[in-house]
Amino acid sequence: MDIDIVSVFPEYFDVLKLSLLGKAQDNGLVRIAAHNLRDWTHDVHHSVDDTPVGGGAGMVMKPEVWGECLDELLGVKPGGEGSDDVAGATADANDTVLIFPNPSAPLFTQRDAAELSHAGRLVFGCGRYEGYDARIPEYYRARGVDVREYSIGDYVLNGGEVAVSVMLEAITRLLPGFMGNPESIVEESYTGGNALLEYHQYTKPALWRTVAVPDILLGGDHGKVYRFRRDEALERTSAIRPDLIQALDCKQLDKADRKTLMALGWDVSQAHPRRAA
Ligand code: ADE
């Protein structure tokens, strides 16, 4: 997978050379290039932002600089003023996704990470200040580029760099060959159609200070271990993320799942669980 990141702080992404992502780059599984947006400016101050049209606080990132940068990275032929010429769409547009982190966009989820892990190339654009001119994603969308905007959570960061790091890690760890043990991905929280939070994990010793590992995990009965973990996942999800329980497909739940959910106060007689009256 080819990854390009555009930011006014490209050094921020030096950390991507560490750990598993560093190894994946050494092995040629991913190529990551961080670019400085200011390299596409022409003025002495290398300015990338301007005041918001219509008034308001802060500064907005200018479309011209982003335009020159993205035309080059995406291979898009610039359309003239008012032009709706789409002939300049990227040759590899089907395989490339342009992503802008944005606190006012839909939430980025594990489902998005899984989908994006199949892309051949990702280009991330990091906004700063009060954000970027809204015509930038609009323009590239109109030129046939697959453009996404995502928020990583209901809070506001100083810029898109942290959000890009989060998305990039969530996506690349799903690439075949990235993880030492690919099975560890299968049972994770948010994975699969009927997503639940993960059950608690323990390692040795069986008794640490005053706290013991649950006996059932030490007994070696795989059926009982499965049920114990499944019930724990259902209980934790019900308490912490009831929205995920409400999104479950009741048809995919087995008899024991239904019993556990009913004991937790859920009505499982409809398509999706509802709080029992
Ligand atoms: N930029 C600033 N805050 C952000 C957020 N929560 N998600 C994505 N990008 C952002």
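In this predicted model, the bounds of a domain are those given by an automatic or database domain assignment.

Q: Into which domains is the protein chain divided, and how many Å separate their centres?
A: The protein chain is split into domain 1, covering 2-183, and domain 2, covering 207-275. When the centres of domain 1 and domain 2 are taken over C-alpha atoms, the separation between them is 38 Å.

Q: Why does the largest pocket lie between domain 1 and domain 2?
A: The largest pocket has a volume of about 660 Å³, and its lining is made up of 27 residues. Because residues of this lining come both from domain 1 (2-183) and from domain 2 (207-275), the pocket lies between the two domains.

Q: Which helix gives the most to the lining of the largest pocket?
A: Thr109, Gln110, Arg111, Tyr190 and Ala195 are the lining residues that lie nearest the centre of the largest pocket. Two elements, α3 (110-116) and α5 (161-172), each supply at least two residues of the lining. With four residues, the element that gives the most is α3.

Q: How many residues in the lining of the largest pocket are charged?
A: Sorted by class, the lining of the largest pocket contains 14 nonpolar and eight polar residues, and the charged ones number five.
For the largest pocket, then, the charged count is five.

Q: Which residue does a cis peptide bond join to lysine 204?
A: The residue in question sits in the loop between α6 (183-186) and β8 (207-208). With omega at about 5°, the cis peptide bond joins lysine 204 to proline 205.

Q: What is the phi of serine 19?
A: Serine 19 belongs to helix α1, which spans residues 19-26. Although serine 19 is not a glycine, its phi is positive, at about 60°.

Terms used: Residues are numbered from 1 along each chain as its sequence is written. This is a predicted model: local features need pLDDT of at least 70, side-chain atom pairs count only at pLDDT 80 or more; totals for chains, interfaces and linings use all residues. Side-chain values use heavy atoms; hydrogens and water are left out. On a 1 Å grid over the protein atoms alone, a cavity is a set of points where a 1.4 Å probe fits but cannot get out, and a pocket is an open set with protein on both sides within 12 Å along at least five of seven lines; lining residues have an atom within 4 Å of a point. Grid points are joined across faces, edges and corners, and a volume is the space filled by probe spheres set on the points. Ala, Val, Leu, Ile, Met, Phe, Trp, Tyr, Cys and Pro count as nonpolar, Asp, Glu, Lys and Arg as charged, and the others, Gly among them, as polar.
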